[in-house]
Amino acid sequence: MAENGFRISKTPVWKKLKEHAEEMKKPEYHLKHLVQQKGRLANFSLKNVDFFYDFSRQRVTEKTMDLLFELADTADVHRKYRAMAEGQKVNVTENRAALHTAARSFSSQSILMDGKNVMGEIDAVRRQIRAFSEKVHNGTLRGSTGKVFRHIVVIGIGGSYLGTEFVANALFAFADKGMELHFLSNVDSHNFETIKTKIDPESTLCIVISKSFTTVETMANAMQMKAYLSSCGLDAMKHCVTVTSKGSPGDKGEESGIETFHMFDFIGGRFSVTSAVGGVPLSLYLGYDRFDRFLEGAREVDIHTKYAPSPENIPLVSALIGIWNNNFLGYQAQAVIPYASPLSKLAPHIQQLNMESNGKSVTINNYDLDNSSGVIIFGEPGTNAQHSFFQLAHQGHPFPIDFIGVVSPQYPEGRCRPHGVSNHQELWANLISQATALAVGKDAEEKTRFFQGNRPSSTILLNDLSPANVGRLLAYYEAQTVYKAFIWDINPFDQFGVELGKTIANDLRKEIVSRNTNDGHNFKHMDEITRFYLERLFAGKLPE
Ligand SMILES: O=P(O)(O)OC[C@H]1O[C@H](O)[C@H](O)[C@@H](O)[C@@H]1O
């Protein structure tokens, strides 16, 4: 690996930020003082349409923000973002563009990749999804025995699953098409067996989603499901459709079923929920028009992200604050805590989006990275999180939090007011109190009751959880992820780090096949630890 080359951590502004972080440790910059400043909220919050971003409880001052904007300029983030959105091959290791933003573009402007306008293909897939979902909903398209489809089994993993699950959960209140949605992602047979108990095979439609169509888990689950449908006397292929990239092994092959929907190699898996990956299942579940409104919301944030100047650019400001927390204040983890149950699958999606994109060790030009990139993301909805891991948040190892609040719930509130307040008001009382408690802390004589405070958080507010707002939230996190990568100067669009484990699993699979086909095959040639595990698998129990 070359030793020299541009590294953001070698720039003068990085040094200035390091010095500034030392200064910010002084007692006068404790959050309990910062939040008292006049105009703090107005000065440290941003709003764009239905999206309010409050960073008043982050450990930042005007000087911090000025330095962070200088960092953004030094990293040339706006040019990099435009290059991405305009179809340049920013995924240099795979020689691909990263055009997830094109998946929700409705502009008449061309988006060129290799001189070809990609919008033609994208529009065609959208029309195909609309027509298909309408045929399923009006009963024109039915299962092999003539029953209308009522169960959708989404078979996919990672980027071909997590985003769709997040959005489907978020918009459950709008799922009025009479469809039950099931996710078959894990190769663990419990996942498959559980779904079997919930579906009626004759009214089941499987959507096999795999960009590569080589992912072992997805292929195994698709085979299990097709074998099961056949065992029920059904023509399995009439119960399946495929979403895959153009030219993949599953593209219009025998295994693809009634219809194939294309995603494209210029859309990365974890950025693909606005493509056919999310489009096919979500249109069946919610209706195409709601999927369209979800795309519109995402598109609006894309436009804001591309054109808003740094100090007004919400995803950029939040990316900069993330880097400030991570590289300068030393926080290694970040929690995502929505005070909204429908967002219960947001954190797992952001986990993949962020950690797979930004958990890297080299810069885009292949120089060793000498600062950490990526943080550990985790989360659960509030208030549940308060009753599980918030002890550590308040008195243990500190970590910044993204709180997310929704002004109007999806369901009208009843008249019941258990403690004089509605449940939604109770939820908000907690949302407000947690951020304050973390920031301000509390003095106490008894050490066990002392709260250090000075624990940073941001709060995102949405008016409601409409399809458009869920699209906005998704696009916000996507843009924040790529802006962080552009500042660290890494490639957020490859994921070679997931390959080594797969390669070892391939070798082990060969061993297992040998034993499956020859009882005499033993594992003596393997290392002691691996041998132990393989022997236990075949023995079916732990040693006495
Ligand atoms: O869509 P597929 O090709 O089946 O890939 C599914 C997933 O598996 C891979 O291992 C990657 O880690 C993910 O980024 C990807 O989304």
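Colleague: Which residues are closest to the ligand?
Modeller: Gly158, Gly159, Ser212, Thr215 and Gly269 are the closest of the 14 residues that surround the ligand, where near means a C-beta atom, placed from the backbone, within 6 Å. This is a predicted model: local features need pLDDT of at least 70, side-chain atom pairs count only at pLDDT 80 or more, and totals for chains, interfaces and linings use all residues. Residues are numbered from 1 along each chain as its sequence is written.

Colleague: How does the shell around the ligand divide?
Modeller: Into 2 nonpolar, 9 polar and 3 charged residues. Ala, Val, Leu, Ile, Met, Phe, Trp, Tyr, Cys and Pro count as nonpolar, Asp, Glu, Lys and Arg as charged, and the others, Gly among them, as polar.

Colleague: New topic. What does UniProt list for "active site"?
Modeller: The unreviewed UniProt entry lists Glu356, His387 and Lys502. They do not all gather at one spot, because the farthest two C-alpha atoms are 36.6 Å apart.

Colleague: Is His387 buried or exposed?
Modeller: His387 counts as exposed because it has 10 C-beta neighbours inside 10 Å. The cut-offs are 20 or more other C-beta atoms within 10 Å for buried, 12 or fewer for exposed, and partly exposed in between, with C-beta atoms placed from the backbone.

Colleague: And where is Lys502?
Modeller: In helix 17, residues 499–517; helices are DSSP runs (H or I, at least four residues), numbered from the N terminus. Lys502 is exposed, with 10 other C-beta atoms within 10 Å.

Colleague: Which residues of helix 13 are buried?
Modeller: Among them are Glu356, His349 and Leu353.

Key. Helix = DSSP H or I, 4+ residues; strand = E, 2+ residues; numbered from the N terminus. UniProt positions renumbered as here; feature names shortened; annotations may be inferred.
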